[in-house]
Amino acid sequence: MDQTHEHKMSFEGAEGRPAPPTSLPLQGQGGVASQRKKLSAPRISLSLDQSEDDQFDTPDDLDINVDDLDTPDEADYTDHEIDWEEPQASQSDSVKETVEAIPTYSAQEERQDSKLWRTVIIGEQEHRINMKSIEPYQKVISHGGYYGNDANAIIVFAACFLPDSDREDYHEIMENLFFYVISTLELMVAEDYMIVYLNGATPHRRMPGLNWLKRCYQMIDRRLRKNLKSFIIVHPSWFIRTVLAITKPFISSKFSSKIKYVNSLAELEELIPMEYVHIPECIIRLDEELREAAESSKINSFLQGSEKPQESIAQPNASSS
């Protein structure tokens with residue numbers, strides 16, 4: 001038995017073949033943890049001498065069922081090859097997702113977008129208002145508090161906040177501003193109300209056109225026209241007087257009787273409470289200038305009137321002499 005064992009060792013040394021492996025590395029080297037799949041191999045004797053004392057069969061008598069061997073098949077290699085390339089594929093996919101990703105629409109951006117557009121119903125028709133385009137001009141209409149029994153609203157319309165007519169998008173802005181004014185008026189008014197039209201400090205290029213005013217009057221709900229008790233025009237100019245005279249055939253006589261002209265803020269204060277009425281600074285400066293000019297005109301008229309009696313007295317004296 002010892003001789004047989006020595007003969008086996010010498011045979012292996014002569015052939016120079018290492019002992020058969022009992023496991024198979026499934027992943028590459030380079031620091032990556034390898035996974036090994038155990039193989040069950042039969043005990044084989046490599047002795048060239050046949051002896052009855054041998055406890056193992058010789059290679060000639062070897063009877064091995066290959067199907068029973070647990071060996072890696074082609075699918076095993078294919079799976080692991082995919083596993084080796086998977087990190088690179090996932091990395092390239094992430095780069096594509098970074099380049100081709102569609103930006104998400106956050107809740108804050110959605111709320112912001114909803115603020116840019118407002119849907120209103122005027123005359124049983126739905127209209128969309130571009131709030132972004134009229135943002136600088138929304139001060140054109142404001143709530144000035146109440147009068148009387150605290151249920152009658154005061155609506156202030158400041159023409160000085162209208163856009164310039166030389167803008168390229170003037171018609172688009174006025175269209176959106178028109179729906180904004182009408183819809184806001186319907187929200188502000190519950191019962192009777194009055195409109196204070198601040199006409200002062202408004203250059204001609206910002207004055208609303210005749211068609212725009214006519215359309216506003218026609219689009220106002222019948223309830224609003226009926227509940228309007230007074231339409232006060234502060235600092236009226238010859239232009240606004242002319243416009244109202246031209247539009248008189250298109251408006252009712254009842255509406256014409258509601259129009260009142262006020263030449264100063266002091267006169268306006270005698271008609272309505274001014275506590276919550278917002279007056280723009282440009283109109284306040286204009287009112288002060290008009291008041292100073294009126295006082296100067298009175299003084300000049302007084303001085304001219306006082307000089308005329310003296311001249312009439314001097315003339316008889318001259319004739320008598």
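1. Pro-203 is found in the loop between β7 and α5, where helices (H or I, at least four residues) and strands (E, at least two) are DSSP runs numbered from the N terminus. At 26% relative accessibility, Pro-203 counts as partly exposed; buried means under 20% relative accessible area, exposed over 50%, and partly exposed in between (1.4 Å probe, protein chains only).

2. On the basis of the model: it is predicted, local features need pLDDT of at least 70, side-chain atom pairs count only at pLDDT 80 or more, and totals for chains, interfaces and linings use all residues. Residues are numbered from 1 along each chain as its sequence is written, and side-chain values use heavy atoms, with hydrogens and water left out.

3. Asp-164 also takes part in a salt bridge with Arg-205, the closest N and O atoms being 3.3 Å apart. This pair links distant parts of the chain: Arg-205 is in the loop between β7 (193-198) and α5 (210-219), and Asp-164 in the loop between β6 (152-158) and α4 (170-188), 41 residues apart. A salt bridge here is a side-chain nitrogen of Lys or Arg within 4 Å of a carboxyl oxygen of Asp or Glu. Arg-205 is partly exposed, at 41% relative accessibility.

4. How many salt bridges does the structure hold? The count is 6. One of them pairs Asp-169 with Arg-167, the closest N and O atoms being 3.0 Å apart. Both partners are partly exposed, Asp-169 with a relative accessible area of 28% and Arg-167 with 35%. Salt bridges that share partners join Asp-164, Arg-205 and Arg-206 into one network.

5. Lys-132 and Glu-135 form another salt bridge, with 3.7 Å between the closest N and O atoms. Lys-132 counts as exposed at 53% relative accessibility, whereas Glu-135 is partly exposed at 49%.

6. Ala-201 has a phi near 60°, a positive value in a residue other than glycine. Ala-201 is found in the loop between β7 and α5, and counts as partly exposed at 32% relative accessibility. His-235, also not a glycine, has a positive phi of about 55°. His-235 lies in the loop between β8 (228-234) and α7 (238-247). Is His-235 buried or exposed? His-235 is buried, with a relative accessible area of 7%.

7. The structure holds 0 disulfides, a disulfide being a pair of cysteine sulfur atoms within 2.5 Å. Cys-160 counts as buried at 5% relative accessibility, whereas Cys-282 is partly exposed at 24%.

8. Arg-222, Arg-225, Lys-226, Lys-229 and Lys-254 form a positive surface patch. Patches are made of residues with over 30% relative accessible area and no salt bridge, like charges being joined within 9 Å and nonpolar side chains (Val, Leu, Ile, Met, Phe, Trp, Tyr) within 5 Å. Lys and Arg count as positive and Asp and Glu as negative, with His and the chain ends not counted; the place of a charge is taken as NZ of Lys, CZ of Arg, CG of Asp or CD of Glu. The largest share of the positive patch, 3 residues, comes from helix α6 (residues 222-227). Arg-225 is placed in helix α6 and is partly exposed, with a relative accessible area of 32%.

9. A negative surface patch is formed by Glu-281, Glu-288, Glu-289, Glu-292 and Glu-295. Of these residues, Glu-289 has its place in helix α10 (residues 281-320).

10. Ile-299, Phe-302 and Leu-303 make a nonpolar surface patch of about 330 Å²; accessible areas come from the Shrake-Rupley method with a 1.4 Å probe, and for residues only the protein chains shown count as cover. Leu-303 is found in helix α10 and is partly exposed, with a relative accessible area of 42%.
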